[in-house]
2 protein chains.
Amino acid sequence: MIGLGKQARAASRALAGLTSAEKDACLRAMADSIEAAAPVLAEANLRDLEVGRGLGLSAAMMDRLALNPSRITAMAAGLREVASLPDPVGRKLDERVRPNGLRLEKRAVPIGVIVIIYESRPNVTAEAASLCFKTGNATILRGGKEALNSNRLIADTLVSAGRRVLGDRFPAHAIQVVPTTDREAVPELLSLTEYVDLCMPRGGESLIRAVTASSRVPVIKHYKGVCHVYVDRAADLRMAEDILFNAKCQRPSTCNAAETLLVDRPVASQFLPAAAMRLATKGVEFHADAESLPVIRQALAGRENIVRLADTGDYSTEYNDYVINVRIVDGVGEAMDHIARFGSAHSDAIVTSDEATARRFLSEVDSAAVYWNASTRFTDGYEYGMGAEIGISTDKIGARGPMGLEELCSYKWLGYGQGQVRA
Amino acid sequence: MIGLGKQARAASRALAGLTSAEKDACLRAMADSIEAAAPVLAEANLRDLEVGRGLGLSAAMMDRLALNPSRITAMAAGLREVASLPDPVGRKLDERVRPNGLRLEKRAVPIGVIVIIYESRPNVTAEAASLCFKTGNATILRGGKEALNSNRLIADTLVSAGRRVLGDRFPAHAIQVVPTTDREAVPELLSLTEYVDLCMPRGGESLIRAVTASSRVPVIKHYKGVCHVYVDRAADLRMAEDILFNAKCQRPSTCNAAETLLVDRPVASQFLPAAAMRLATKGVEFHADAESLPVIRQALAGRENIVRLADTGDYSTEYNDYVINVRIVDGVGEAMDHIARFGSAHSDAIVTSDEATARRFLSEVDSAAVYWNASTRFTDGYEYGMGAEIGISTDKIGARGPMGLEELCSYKWLGYGQGQVRA
């Protein structure tokens, strides 16, 4: 692992010297190469699928592992899109001239070497590598063990394309895949504080916990989303229903989908029946508190089997599925207490027409994204106008919420003097 | 430790609800209380000094531990100064209106709960606590074991003052000192990912390493400064001498003082004798490479004993003293290789009149602060116009370089909708 780390560090120094135009030319060539490599990629992926079958992966996992032609096309399109985004490196973040004439500039710079740990999907390899490359960062990628053949071939294809454009100026170790599926590799890699600047784990709870426990380098977690929609007594209930339906059902597998509905007591008996019927059209299952349970059961008469009492643990579970917790609360204060206790500080929404209540919710809910009269589903790089994102950070140090190109940068201070010394 | 963590988390929620005016009123009352408590503080400090004597602390360590009247006055002045700085919490960092009408605001928010680990000096307790309080963060402080009595009394004094101003609205656990000197306390505290958001260790190499190895919460290191002055062939040698002298001698005990002089070969024989004589006026000792050694020895004829050959390890040592490494290099490229290999990415300077060379150095040296024709000693919150700082971060995630009030904040995204849902 130390070899990978040293090579990545050297590559990161070389990457910092490339111009935006050079990086974009490489990214476009990488897109072409990925398309041209479709047949060999499909072949490598077949071997991975066999490994996956041997490991007894679920049908859903097998699907995520598969690289079909449309996914390969999408990977290439993603690379071209990253090429078209503005380069954040070198951006001036601050400037100040001191009384002694010293001029200080705060400029965005690459972070350096980034380790990305993720699960199955091989298309993440191209996505993560391209975002890091665009921002001048060297990457060391560690995907699922069943995707090793696909991941290595994708990385090789990207690097070869870069070298075709820039020759030896393209660092051969800018994009590396950990070449082993050995479990010890990860803690070893994450002990190399001299060569690795950041680790970003994306995946399930156990993966994130293991990485956090073993890492000596900074970690930015892309953790679960236990997101809430709180329907206040002063809500426009029609709007609330639309927002709830969207937050839960538009794409339940995502981290910004809602897992829990909190309803203010005064509107519960009016809101819940209509909302439950609407969600039930998508087959949503309800885990309801004792107070809301009979209301929902009555509204869904004949389909009581999709409503059950919420048990301990439900409130902090990310279902990623057509399941929702329902709880009646006594106003915005109790809603916020629930969110602070059970939420994952990802995305939470309030629906209300009362501005004072909304402002309190926006100010006191300590989550990466807090919405007033809008769906939690908006927490996303594209929806924020950032372009492609590497994930949604649930951490508070370094980056929080959608992590696009700007969030893949650090900064440094440049001091321009004419001989200034400190008095 | 878990009790401390839970209390701090609850306090951080309460702190987020205080206005800037309330926080500043508390800080001014804290200053008054520290002054009024001078006699009891001196008494508590006497007990600490006895402990220190028992532990056989060096004279320098005993001096840092001592709280004399002028230090107590300085502590109070520091608190008043923090009160007078603008509150960064709530600052709008970005705003965008999306095509669907959703308005997004990126706002600075407190980080939450911050653990600060430091060595001897009890005045750091007031300084760190006040900066964190101003930014709405709850603190858990862990100073040197010999300073426990002073530290606890300082924290108690600050909290009592806050409660006199705000009553129960001032959270009693906003500022806590780890009440034990038990070594196990630190790893235990830093495993509490649910209750602690950030750890900042300030101190020697072994302290930083131990904290980094044991922490599961994010760490922003305030690590050693192995800073360089590179004198280029195109330097104004008079300016170079002034900058070098300032960087090494103005206050050698600081992390932004220079430890190594790199001289470009074409100007070495002209620059080194004058520079060596100038530094020698302050009793600086030279660890020189084989090429510069005879030049310096000759310039300091009669005082050859202050010049010796640099050995392995010298180049990465932070002397914090009147000692300097000297090495002759072949141009800016070799200077930058040296800095990348031996530096600590803190503060580095180039002296040159050649703009292209300077731009290359500014762009390629990957340090928190890089200077062109100015002393490395400027890396400091006050010198940057930030006001008081909690330290100089040598990390690249979260904050880099001087960490003032703005750098003690995280951010969150607020979304203002009118019922928007995702398509």
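Which residue in β4(B) is the bridge partner of Ile117(B)? The partner is Arg142(B).

This is a predicted model, in which local features need pLDDT of at least 70, side-chain atom pairs count only at pLDDT 80 or more, and totals for chains, interfaces and linings use all residues. Residues are numbered from 1 along each chain as its sequence is written, while chains are lettered from A and ligands numbered from 1 in the order in which they are written.

**Strand β4 of chain B**

Helices (H or I, at least four residues) and strands (E, at least two) are DSSP runs, numbered from the N terminus. Strand β3 (residues 113-117) of chain B runs parallel to β4(B), and five bridges join them. Two strands pair if DSSP finds at least two bridges between them.

Strand β4 spans residues 138-142 of chain B, and five of its five residues are buried. A residue is buried if 20 or more other C-beta atoms lie within 10 Å of its own, exposed if 12 or fewer, and partly exposed in between; C-beta atoms are placed from the backbone. One side of β4(B) holds Ala138(B), Ile140(B) and Arg142(B), and the other holds Thr139(B) and Leu141(B). Both faces are covered.

**Helix α5 of chain B**

Helix α5 (residues 69-84) of chain B has 16 residues. From first C-alpha to last, α5(B) reaches 23 Å, close to the 22 Å expected at 1.5 Å a residue. The expected span is 1.5 Å times one less than the number of residues.

Buried in α5(B) are Ile72(B), Met75(B), Ala76(B), Leu79(B), Val82(B) and Ala83(B). They cover an arc of only 120 degrees around the axis, which puts them on the same side of α5(B). The arc is that of the directions from the helix axis to the C-beta atoms. An α-helix has 3.6 residues a turn, so residues three or four places apart point the same way. Exposed Ser70(B) and Ser84(B) sit on the face turned away from the buried side of α5(B). The cover over the buried residues of α5(B) includes α2 (20-36), α3 (38-54) and α6 (123-134) of chain B.

**Chain A as a whole**

Chain A has 14 helices and 16 strands. Its radius of gyration (taken over C-alpha atoms) is compared with the globule rule, 2.2 Å times the number of residues to the power 0.38. Chain A is as compact as a globular protein of its length, because its 24 Å is close to the 22 Å that the rule gives for 423 residues.

| Property of chain A | Value |
|---|---|
| C-alpha box along the principal axes | roughly 70 × 65 × 35 Å |
| Buried share of the 423 residues | 54% |
| Share of contacts with a separation of 6 or more that join residues 24 or more positions apart | 71% |

Two residues are in contact if their C-beta atoms, placed from the backbone, lie within 7 Å.

**Gly404 of chain A**

Gly404(A) lies in the loop between β15 (401-403) and β16 (409-420) of chain A. Gly404(A) is buried, with 22 other C-beta atoms within 10 Å. Not counting residues up to four places away in sequence, Gly404(A) touches Gly381(A), Met386(A), Gly387(A), Ala388(A) and Glu389(A).

**Where the chains meet**

Each chain brings residues to the contact: 57 residues from chain B and 57 residues from chain A. On the side of chain B that touches chain A, β16(B) gives the most, with eleven residues. Strand β13 (residues 369-374) of chain A runs parallel to β16(B), joined by five bridges. There, Tyr371(A) has Gly415(B) as its bridge partner.
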